[in-house]
2 protein chains.
Amino acid sequence: MANQLNLSIDRSSPVPLYHQVVQGIESAIHTGLLPPGSRLDNEIDLAAQLNLSRPTMRKAMDELVRSGLLVRKRGVGTQVVSSQVRRPLELSSLYDDLTNNGSKPTTEVLSFSHIEADAPTREALQLPAGAKVYHFTRLRKVGGKPLALMENWVRDDITPIDEAQLAAQGLYAILRNGGVNFRLASQRIGAMVANDYQAPLLETEPGLALVTMERTAVDDTGRMVETGHHVYRADSYSFEMTLVQR
Amino acid sequence: MANQLNLSIDRSSPVPLYHQVVQGIESAIHTGLLPPGSRLDNEIDLAAQLNLSRPTMRKAMDELVRSGLLVRKRGVGTQVVSSQVRRPLELSSLYDDLTNNGSKPTTEVLSFSHIEADAPTREALQLPAGAKVYHFTRLRKVGGKPLALMENWVRDDITPIDEAQLAAQGLYAILRNGGVNFRLASQRIGAMVANDYQAPLLETEPGLALVTMERTAVDDTGRMVETGHHVYRADSYSFEMTLVQR
DNA sequence: TATGTTCTCTTGATAGGACATACTGCCTTT
DNA sequence: AAAGGCAGTATGTCCTATCAAGAGAACATA
């Protein structure tokens, strides 16, 4: 036993101690220093090894358990989850996901307008009658292959948006630069078959399978910032996630 | 301000205090006692009102923030998220979800066998060569309408399974009764179009959209317990979830 | 030998305190 | 009147302590 994960923590760093521990254990798992199935030292010893208190150690392990990397069992111990599980679905944009994967996505803005919100949009974004929104549709390609067709509505009282920005970067990056701190999003994932409008844009045939996603995002002030309806080619995209028992 | 949510906590209950607080605030939100957008008292006052320590109060609020019901902002306070957001996707079976919704699902066992696992299954469940698994396909209906077609592989060294059980209750209930404590599951959601085998079973036409899900579940000992491939009628089912910024 | 009890190890829950840091609004100063 | 600084307030982080409860092994007893 006594898996010596000799990670060092920097008490002068602005990064919280528990988060440094999270990162340290994560990388130890990914580098294979902590192989799947191995048991960690108990919380008290680990805390002592790193000169931390047990609550701080526990908080770090809480996060790792929540993210699915560790499993705990009272009276027994804590061990690394056997297989490499996927990262949980996070609040990020498709653009972020792709660039993080090393791909180079391109975006084509198919339509762009600044219009008065219709009733369904007003309800989704909780806007008063007469409020205006940005409405646009984009086509995202990776390696020249079309992947997603995205239609979004964004409230206009946050930051100005124009077509050039949308072509150059992801929507979430634009909004974050505009001062939005996203807090949560609710989304629904389903399926449909490509219709005559979608098929040629996605370079597929009508009748082929598409993954659909509807999402509404909320910022830290409780405002509904953005709502959208996206479709993805089912042969190129799926949603992976890890569910953790509470 | 000073939203007096007069919930009472029972210190003699085996339910942890922080969880009683979670349930209390959840119900206060759902009953409208805490309307969307309202601010809660600060953590210290709330803890004092309930005769709890701040760590306990914080732990309760942590859960509510994680589940997307509350948003916190340093220096400002904590408020109820504006709109009713969906419950996050949890580690539960379709059967549980449906019965919790008041529906009465029925299950038809289309095939059932106890066979030697093939290579892909062995890999998914991390079984040695020659290990045996239960393999079965089920058709789930709600209100007489077919909803899902499910194919599963379950390791056989946990609890015996027979056809009659599968017809009467959900797979996860059977496994839980057999002593399995689920910890996490990784799943992938995508789309496909109904083929000639699926369409008549789901009482739809070949070429209509289906939502697909592949899932592998892990128990608290790190064993891969179950893997399966499910398809759902896209017109009757979709996955809803809430993503929370960490 | 089989069974039941106890002991130990580990995680789970709770308390209470101390200091850090971010946001808001007011008040002062220019 | 506008800009800057300061204080108040709330959450964020971290600590020391302590008891509870589950699991499993060791041990004693019938």
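Mentor: Start with B:Glu108, which is partly exposed at 36% relative accessibility. Bear in mind that this is a predicted model.

Trainee: Which side chain does B:Glu108 meet in a salt bridge?

Mentor: That of B:Lys141, with 3.5 Å from N to O. The pair links distant parts of chain B: B:Lys141 is in strand S4 (residues 132-142) and B:Glu108 is in strand S3 (residues 105-116), 33 residues apart.

Trainee: And is B:Lys141 buried or exposed?

Mentor: B:Lys141 is buried, because its relative accessible area is 18% and the cut-off for buried is under 20%.

Trainee: How many salt bridges are there over all chains?

Mentor: A search of the whole structure gives 18.

Trainee: OK, chain A then. What does A:Arg72 pair with?

Mentor: A:Arg72 forms a salt bridge with A:Asp62, and their closest N and O atoms are 2.2 Å apart. A:Arg72 sits in strand S1 (residues 70-73), while A:Asp62 belongs to helix H3 (residues 54-66), ten residues apart.

Trainee: What is the accessibility of A:Asp62?

Mentor: A:Asp62 has 26% relative accessibility and counts as partly exposed. A:Arg72 is buried, at 17%.

Trainee: Back to chain B. What about B:Arg223?

Mentor: Its side chain meets that of B:Asp219 in a salt bridge, 3.1 Å from N to O. B:Asp219 is buried, with a relative accessible area of 2%, whereas B:Arg223 is partly exposed at 27%.

Trainee: Which residues are joined into one network by salt bridges that share partners?

Mentor: A:Glu43, A:Arg54, A:Arg58, A:Asp62 and A:Arg72.

Technical notes. Residues are numbered from 1 along each chain as its sequence is written. Chains are lettered from A and ligands numbered from 1 in the order in which they are written. This is a predicted model: local features need pLDDT of at least 70, side-chain atom pairs count only at pLDDT 80 or more; totals for chains, interfaces and linings use all residues. Side-chain values use heavy atoms; hydrogens and water are left out. A salt bridge is a side-chain nitrogen of Lys or Arg within 4 Å of a carboxyl oxygen of Asp or Glu. Helices (H or I, at least four residues) and strands (E, at least two) are DSSP runs, numbered from the N terminus. Buried means under 20% relative accessible area, exposed over 50%, partly exposed in between (1.4 Å probe, protein chains only).
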